[in-house]
Amino acid sequence: MTTKVQSNINSLKTILGETFRLYVQTHGYHWNVEGPEFRQLHTLFEEHYTNLWGALDEIAERIRVQGAYAPGSVAELMALAGAEAEPAQSAADMIDKLISAHEAIADSIRAGIETAGEVGDEVSAGLLTDRLEWHEKELWMMKASSR
């Protein structure tokens with residue numbers, strides 16, 4: 001396996017870990033949100049974690065197509081995910097933390113698209129482009145709602 005192919009796999013693994021972290025964070029917010037916007041945010045968080053759960057499978061399968069094993073434990077995924085977000089108590093804090101998390105994963109995805117392009121992995125680049133589109137749209141909506 002070439003260094004560039006391994007770099008592509010590592011990028012996909014990092015994005016998988018970050019997606020898992022965001023999934024857990026969002027699901028926790030879904031369970032714990034309170035306040036006047038409860039129903040709206042409870043529903044939004046459910047839509048987000050449902051989307052993220054589906055993305056986990058797509059990204060992991062893409063890693064397998066590349067000839068590597070996908071991380072198969074929570075410990076492995078969290079090691080790839082980077083630092084966990086500080087707990088949030090208020091709905092506004094939850095949105096602020098999700099905005100930061102979506103911005104961070106969008107940056108990782110952009111880098112992953114570039115890496116996939118360098119090895120001619122158009123399928124991974126396409127998958128990641130679709131993921132980036134979703135994160136950017138959700139960022140726009142969360143930012144527009146929090147002002």
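Q: Which residues form one aromatic cluster?
A: Keep in mind that this is a predicted model. By the pairing rule, the count comes to 4 aromatic pairs. One aromatic cluster is formed by F20, Y23, Y49 and W53.

Q: Is the aromatic pair of Y23 and Y49 stacked or edge-to-face?
A: The two ring centres sit 6.1 Å apart, and rings count as a pair if their centres lie within 6.5 Å. The angle between the planes is 85°. Planes over 60 degrees apart count as edge-to-face, so the pair of Y23 and Y49 is edge-to-face.

Q: Which helices does the pair of Y23 and Y49 link?
A: These two residues are 26 residues apart, so to speak in distant parts of the chain. Y23 belongs to residues 3-32 and Y49 to residues 38-65. The helices are α1 for Y23 and α2 for Y49.

Q: Are Y23 and Y49 buried or exposed?
A: Buried means under 20% relative accessible area. Both Y23 and Y49 are in that class: buried.

Q: Which element gives the largest share of the lining of the largest pocket?
A: The largest pocket has a volume of about 220 Å³. Two or more lining residues come from each of α2, α4 (91-118) and α5 (122-145). The largest share, 4 residues, comes from α4.

Q: How many residues in the lining of the largest pocket are nonpolar?
A: The lining includes L41, L44, I95 and M141, and also E37 and D96. By class, 3 lining residues are polar and 2 are charged, while the nonpolar ones number 7.

Key: Residues numbered from 1 in each chain as written. Predicted model: local features only at pLDDT ≥ 70, side-chain atom pairs only at ≥ 80, totals over all residues. Heavy atoms only, no water. Phe/Tyr/Trp six-rings, centres within 6.5 Å; stacked < 30°, edge-to-face > 60°. Buried < 20%, exposed > 50% of the residue type's maximum accessible area, 1.4 Å probe, protein only. 1 Å grid on protein atoms, 1.4 Å probe; cavity = no way out; pocket = protein on both sides within 12 Å on 5 of 7 lines; lining within 4 Å. Points joined across faces, edges and corners; volume = space filled by probe spheres on them. Nonpolar A, V, L, I, M, F, W, Y, C, P; charged D, E, K, R; others polar.
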